[in-house]
Protein chains: 2
Amino acid sequence: MSVMLQMFADCGALSAFPPVSSTLSPQRAMSLAGPLLPPRTVVFLEGLARSPQYRVVDGCVATAQTLVDGRRQIIDLVGPGRLIGLGFGDQNRYSAETLGFTRLEAVSESMAQGERDLALSEMLARSQSLVMLLGRKTAPERVASALIDLAEQFGRAARDRKRRSVTFHLYPTRGDLADWLGLTIETVSRCLTRLKKAGLIEIRHGDLVTVLDPEQLSGVAAGARALTN
Amino acid sequence: MSVMLQMFADCGALSAFPPVSSTLSPQRAMSLAGPLLPPRTVVFLEGLARSPQYRVVDGCVATAQTLVDGRRQIIDLVGPGRLIGLGFGDQNRYSAETLGFTRLEAVSESMAQGERDLALSEMLARSQSLVMLLGRKTAPERVASALIDLAEQFGRAARDRKRRSVTFHLYPTRGDLADWLGLTIETVSRCLTRLKKAGLIEIRHGDLVTVLDPEQLSGVAAGARALTN
DNA sequence: CGTTCACTTGACACTCCTCAAAAGGAGTGG
DNA sequence: CCACTCCTTTTGAGGAGTGTCAAGTGAACG
């Protein structure tokens with residue numbers, strides 16, 4: 001699977017950063033305000049002994065499951081403030097990997113029960129939204145929905161209030177988006193191109209997205225607007 | 001919400017349920033060991049004020065979300081022992097509906113925190129499995145996976161131990177399965193036909209399913225076996 | 001200045017959806 | 001007991017949307 005090979009390549013290419021590999025000792029990983037993790041750092045792996053819990057302070061983490069034949073499905077993209085590593089049994093049910101420079105913060109196992117409950121409920125709600133998206137939405141609807149979600153999670157305060165436009169850093173690659181939305185890289189790319197040509201979004205430098213028309217983008221996400229080719 | 005008359009006959013034949021009128025007062029439905037609810041009874045509705053929590057004692061409940069344009073996605077099929085109505089805010093995030101004659105049991109809001117936590121975690125894990133299924137599995141894989149899940153939840157003790165076959169009552173209609181698996185009725189039907197012709201399953205009276213070859217069915221579910229047309 | 005890698009674009013194939021009709025069961029009334 | 005209807009399921013034919021394969025573009029980096 002090409003996506004996996006990309007991961008390896010990226011890991012190698014970025015190894016100039018401090019060696020915070022996945023085999024990091026628990027102590028150091030848990031230190032309360034953790035180090036800056038480079039992109040494509042594996043935080044923990046599906047199937048291995050249960051990892052500690054973290055809060056994403058800054059950056060982005062993808063949680064994913066992989067089938068035996070290599071097919072990958074991203075379960076969620078987690079932005080600042082949200083937790084990863086909850087709700088496990090004795091082993092991780094999914095892998096977690098950074099998508100950009102990311103700072104994590106260890107969260108004690110004995111966190112407030114109410115906080116844990118809330119976080120679990122939120123994860124469940126998001127998972128159910130993804131189920132709806134994957135089961136019943138078309139490719140353009142999926143991509144539009146994804147952009148709206150990312151805008152909410154990663155949108156900058158620096159917005160054009162006049163047009164209500166929002167700009168955010170697009171942490172996931174086309175491949176990540178494809179694995180999240182149940183599509184292929186090519187389909188994601190085509191949908192983004194169509195959204196650009198329709199004037200609903202703008203992408204600069206490959207990873208800086210501006211939502212120019214939130215109203216219409218929501219319309220596309222809901223299937224109300226057709227998005228002419 | 002049409003009542004499926006077919007279910008009446010079959011349910012009656014399968015287990016000697018006491019006869020119960022199909023129109024129930026909410027009070028009686030909420031009493032601790034509730035009455036027998038007929039098929040297609042709406043337990044609670046998405047968007048309305050938060051409902052109490054229930055445990056499914058016997059039968060089957062479908063939880064589902066619906067888009068504004070009517071597209072429906074079943075979030076989960078819930079069998080005996082499992083809970084519905086957890087993890088909400090102030091309003092229901094999905095609807096719940098019985099798929100066969102079903103007995104519910106009210107569960108207090110102040111249930112043991114550990115129990116609630118476990119139930120939430122299980123719901124999350126199942127939701128994530130569904131995400132994997134919807135995002136990355138083909139139609140035959142989805143149908144085979146669904147049958148395996150249903151066999152585990154509803155399989156009878158009366159099994160042919162020799163061939164390890166399992167028989168269960170198929171509560172969901174083809175339409176329900178389609179809405180669960182992100183497919184259409186026709187595709188579900190075609191996949192079931194192919195599974196029957198391949199000798200992996202058998203369906204009697206439309207809703208009594210026997211898994212004849214669990215091994216190969218698992219193979220199909222995992223994408224290992226191709227399921228020749 | 002060439003290499004690499006992500007992304008884009010095009011042509012084509014295939015799975016699954018749509019539309020349509022037939023088949024199968026269950027209940028109803030003659 | 002046999003039509004008759006209603007509804008679900010099955011089956012078929014055709015088409016749309018997305019995947020696959022391949023080539024091309026552009027940016028980052030050595």
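## Exercises on a two-chain predicted model

In this predicted model, 35 residues of chain A are in contact (heavy atoms within 4.5 Å) with 35 residues of chain B. Residues are numbered from 1 along each chain as its sequence is written, and chains are lettered from A in the order in which they are written. Local features need pLDDT of at least 70, side-chain atom pairs count only at pLDDT 80 or more, and totals for chains, interfaces and linings use all residues, while side-chain values use heavy atoms, without hydrogens and water.

**Exercise 1.** Describe the area buried between chain A and chain B and the salt bridges between them.

*Solution.*
1. Buried area is the accessible area (1.4 Å probe) that two parts lose on being put together, summed over both. Between chain A and chain B it is about 3100 Å², and carbon and sulfur atoms give 56% of this area.
2. A salt bridge places a side-chain nitrogen of Lys or Arg within 4 Å of a carboxyl oxygen of Asp or Glu. The two chains have 6 salt bridges between them.
3. Arg71(A) and Glu141(B) form a salt bridge through their side chains, at 2.8 Å from N to O.

**Exercise 2.** State which elements give two or more residues to the side of chain A that touches chain B.

*Solution.*
1. Helices (H or I, at least four residues) and strands (E, at least two) are DSSP runs, numbered from the N terminus.
2. The elements are β5, α3 (113-136) and α5 (174-181) of chain A.
3. The largest share, 16 residues, comes from α3(A).

**Exercise 3.** Give the strand order of the open sheet of 4 strands in chain A and identify its edge strands.

*Solution.*
1. Two strands pair if DSSP finds at least two bridges between them. The order is β2-β7-β4-β5, with antiparallel pairing.
2. β2 (42-44) and β5 (72-78) of chain A are the edge strands, each pairing on one side only.
3. From one strand to the next, the twist averages 30°; axes are lines fitted to C-alpha atoms, for helices over the stretch in contact, and angles run from 0 to 180 degrees between N-to-C directions.
4. Helix α3 (residues 113-136) of chain B packs on this sheet and touches β4 (61-66) and β5 of chain A. The direction of the helix makes about 125° with that of β5(A).

**Exercise 4.** Trace the pairing of β11(A) with β9(A) and β10(A).

*Solution.*
1. Strand β9 (residues 166-169) of chain A is joined to β11 (residues 208-211) by 4 bridges, antiparallel; Thr167(A) has Thr210(A) as its bridge partner.
2. Strand β10 (residues 201-204) of chain A also runs antiparallel to β11(A), with 4 bridges, and Glu202(A) stands opposite Thr210(A).
3. β10(A) and β11(A) form a hairpin with 3 residues between them. In the turn, His205(A) has a positive phi of about 55°.
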